[in-house]
Amino acid sequence: MLDIRDLTKSFGKGDSTVTALHEVSFTIAEGEFFTLLGPSGCGKTTLLRLIAGFEPPSGGALVLDGQDIAQMPPNRRPVNTVFQNYALFPHMTVAQNVGFALGAQGRPKDEIARTVARMLDLVQLGHLAHRKSGELSGGQQQRVALARALAPKPRILLLDEPLSALDMKLRKEMQVELKRLQQETGLTFIFVTHDQEEALTMSDRIAVMSGGRIQQIATPRELYDQPANRFVAGFIGESNFLDASCAHGKLVLPQAGAPLPVTHPDGPVTLMVRPEHVFLGPAPGAGLSVPARVERLVYFGTDTHVHLMLADGAGLVARVQNALRGGAPCAEGDAISITLPADALRLLPKEAA
Amino acid sequence: MARRSFDIRRLPGAATLAITCFVILYIPLVILVVNSLNAGKAINVWEGISLRWYATALQNEGFLNAASTSLILAATAALVATVTATMAALATTRSKGFRGEGTINLVLNQPLMVPEIVLAIALLIILAQVKQVTGYTGLWYLIIAHSAFCIPFAYMPVRARLQGMDLTLETAASDLYASRFYTFRKVTLPLLAPAVLAGFMLAFVVSLDDVVISEFLKSPGQDTLPTYLLGQLRRNLTSEIYAISSLLLLISVLIVAGSWLLTRKKT
């Protein structure tokens with residue numbers, strides 16, 4: 001539905017040019033909850049502003065329903081935005097805010113009134129229609145901003161970190177609420193966030209961005225289980241990284257005993273394993289057995305983080321679920337043998353550190 | 001506990017100095033207003049409170065003519081200045097930097113820097129010629145001149161408000177299908193209105209109080225309130241002049257206070 005082709009954005013001129021977006025290409029499907037995830041400065045907000053039309057792209061195309069909208073002004077694009085600070089019009093009531101777009105489109109008054117009432121019902125704010133926006137709480141303003149952006153029935157709803165100004169409890173509620181709204185309206189959402197938990201719990205697909213480039217586009221589960229590179233593995237969840245190499249169909253980890261047969265081209269690799277997949281002691285099935293020393297135990301309630309040191313000084317963290325009985329799995333200073341199960345290992349291309 | 005930070009209020013003599021300044025500023029005004037209420041004819045003999053001098057003034061044709069000229073002049077000049085200043089402020093804050101923006105700022109604020117008497121003489125030289133050629137001796141010379149030097153006073157509050165306004169509001173309007181004009185009419189202008197009104201009031205007061213330019217540019221027989229007062233002073237000081245001055249003071253104070261109320265931050 002929305003086809004983004006080689007989209008590029010640079011700011012500044014001459015020597016001071018900064019490229020915020022490097023030839024980004026991907027496609028968003030109808031009805032998808034699509035998230036742009038990345039640290040600040042990764043280009044996710046720039047990409048959103050290009051889709052909204054607040055900035056012209058330096059190159060590339062934005063094809064919506066077969067039409068290139070890259071040069072179209074924002075007020076002619078069937079795309080609406082929920083802003084990070086909500087940007088509600090302070091001199092208008094809630095109802096006037098929600099009806100703004102319809103008024104600008106010159107729709108008849110009774111139609112505007114009906115749509116506004118329906119939208120306010122959708123976000124459960126019908127009773128506040130005649131309040132000024134400044135008299136609302138943060139969560140209520142958020143809902144008004146949503147209703148305002150949904151009222152003109154856009155093809156795509158853009159959300160620019162809309163939950164970042166809310167406190168933790170409200171944020172969780174709004175996550176559920178947003179997902180409900182998206183499913184109820186069947187609308188395509190493009191959601192920008194730096195919060196991986198938000199991204200994982202709400203999205204159909206996530207684009208992880210860094211340095212103005214897309215690092216990986218995948219479902220939340222694929223991103224977590226099969227990260228494409230070290231950045232994605234490090235940004236989504238926690239990971240252990242070890243230097244290893246592949247030779248003649250075998251994975252060689254210097255600190256481990258026997259090598260493991262793999263199908264991977266020869267050469268140096270970065271071995272990634274999630275902390276919850278590290279076994280203390282032997283484990284069933286194929287795996288790498290590695291001697292380690294327990295450095296520190298950190299208690300987290302549901303689980304314990306075991307900080308381990310391997311023979312060459314490399315660090316590794318194992319996360320062990322706390323059992324109902326039996327106490328700690330090991331003690332600080334213990335020399336133990338850990339197992340990295342073969343199916344938990346991910347081989348990532350080795351990058352310059 | 002000793003406060004380390006510098007606080008001007010704690011400097012020795014600061015309070016005394018401040019109070020002295022206020023006394024010097026305000027005592028003459030108080031005396032003026034008190035004198036205007038004097039029932040007696042002689043200005044230095046107190047004979048009780050009365051509004052008779054106000055009544056006298058309000059029946060004085062010369063005063064009434066000057067007052068109406070002043071009000072028409074101030075209202076028209078303030079209107080022209082406010083519209084111009086608002087457009088200028090929009091241009092200098094809402095469009096991307098353009099060539100000559102600094103120059104425009106300088107030109108707009110020129111009346112704040114050029115000595116008024118110099119401006120008055122310069123205008124006099126030109127307008128004397130124009131008057132000869134056209135034969136027109138009406139109020140428009142004063143209206144144009146007042147409009148020009150009122151612009152910076154209207155410009156300042158409007159520009160300050162525009163700079164302080166959240167730009168995402170206008171972005172949001174454009175996102176919600178509003179054209180530039182619709183955005184201006186429904187979002188920018190309503191949010192700007194208090195500053196525009198404040199600018200209008202400041203310009204109005206500045207025009208109302210102006211002596212120098214009016215005195216130089218007025219046609220024979222034409223008088224604004226300040227030039228009328230100046231003319232009366234050349235004869236002798238009467239309680240009626242005190243009453244007229246007090247009225248002018250009252251109008252100015254009310255308008256400036258109104259302007260301040262409109263621009264102060266709501267907390």
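# Notebook: salt bridges, cores and contacts in a predicted model

I began with a charged pair and found that the side chains of A:Glu295 and A:Arg293 meet in a salt bridge at 2.9 Å, N to O, where a salt bridge is a side-chain nitrogen of Lys or Arg within 4 Å of a carboxyl oxygen of Asp or Glu. I note before going on that this is a predicted model, in which local features need pLDDT of at least 70 and side-chain atom pairs count only at pLDDT 80 or more, while totals for chains, interfaces and linings use all residues. Residues are numbered from 1 along each chain as its sequence is written, chains are lettered from A and ligands numbered from 1 in the order in which they are written, and side-chain values use heavy atoms, with hydrogens and water left out.

**Entry 1: more on charged pairs**

The classes I use are buried for under 20% relative accessible area, exposed for over 50%, and partly exposed in between, with a 1.4 Å probe and protein chains only.

I then turned to A:Arg319 and A:Asp303, whose side chains meet in a salt bridge at 4.0 Å, N to O. A:Arg319 lies in strand 18 (residues 315–321) of chain A and A:Asp303 in strand 17 (residues 303–310), so the pair ties together parts that are 16 residues apart in sequence. Helices (H or I, at least four residues) and strands (E, at least two) are DSSP runs, numbered from the N terminus. Of this pair, A:Arg319 is partly exposed at 23% relative accessibility, whereas A:Asp303 is buried, with a relative accessible area of 15%. I also recorded that A:Arg143, A:Glu177, A:Arg180 and A:Glu184 are joined into one network by salt bridges that share partners.

A further salt bridge joins the side chains of A:Arg114 and A:Asp110 (3.8 Å, N to O). These two are separated by about one helical turn, because they stand four residues apart in helix 3 (residues 109–122) of chain A. A:Arg114 is exposed at 52% relative accessible area, and A:Asp110 is partly exposed at 48%. Over all chains, I note 21 salt bridges in the structure.

**Entry 2: chain A as a whole**

I looked up the overall figures next and found that chain A has eight helices and 20 strands, and that its C-alpha atoms fill a box of roughly 75 × 55 × 35 Å along the principal axes. Of its 353 residues, 48% are buried. Among contacts in chain A with a separation of 6 or more, 66% are between residues 24 or more positions apart, contact meaning heavy atoms within 4.5 Å.

**Entry 3: nonpolar cores**

Which residues touch the most other members of the largest nonpolar core? I found A:Leu2, A:Leu36, A:Leu47, A:Phe89, A:Phe100 and A:Ile190, in a core of 86 residues. Apart from it lies another core, of 36 residues, including A:Met119, A:Leu120, A:Val123 and A:Ala145. Such a core is a set of buried Ala, Val, Leu, Ile, Met, Phe, Trp, Tyr and Cys residues joined through side-chain atoms within 4.5 Å.

**Entry 4: A:Val290**

I placed A:Val290 in strand 16 (residues 287–299) of chain A, where A:Val290 is buried with a relative accessible area of 1%. Not counting residues up to four places away in sequence, A:Val290 touches several residues, among them A:Leu253, A:Leu310, A:Ile336 and A:Leu340. From A:Tyr86, 204 residues apart along the chain, the C-alpha atom of A:Val290 is separated by 52 Å.

**Entry 5: A:Asn80 and chain B**

Is A:Asn80 buried or exposed? I found A:Asn80 buried, with a relative accessible area of 0%, in strand 6 (residues 79–82) of chain A. Its side chain makes a polar contact with the side chain of B:Tyr177 at 3.4 Å; a polar contact is a pair of N or O atoms within 3.5 Å, where within protein one must be able to donate a hydrogen and the other to accept it, and residues adjacent in sequence count only if both atoms are side-chain atoms. Leaving aside neighbours within four places in sequence, A:Asn80 is also in contact with residues including A:Pro152, A:Ile156, B:Asp175 and B:Leu176.
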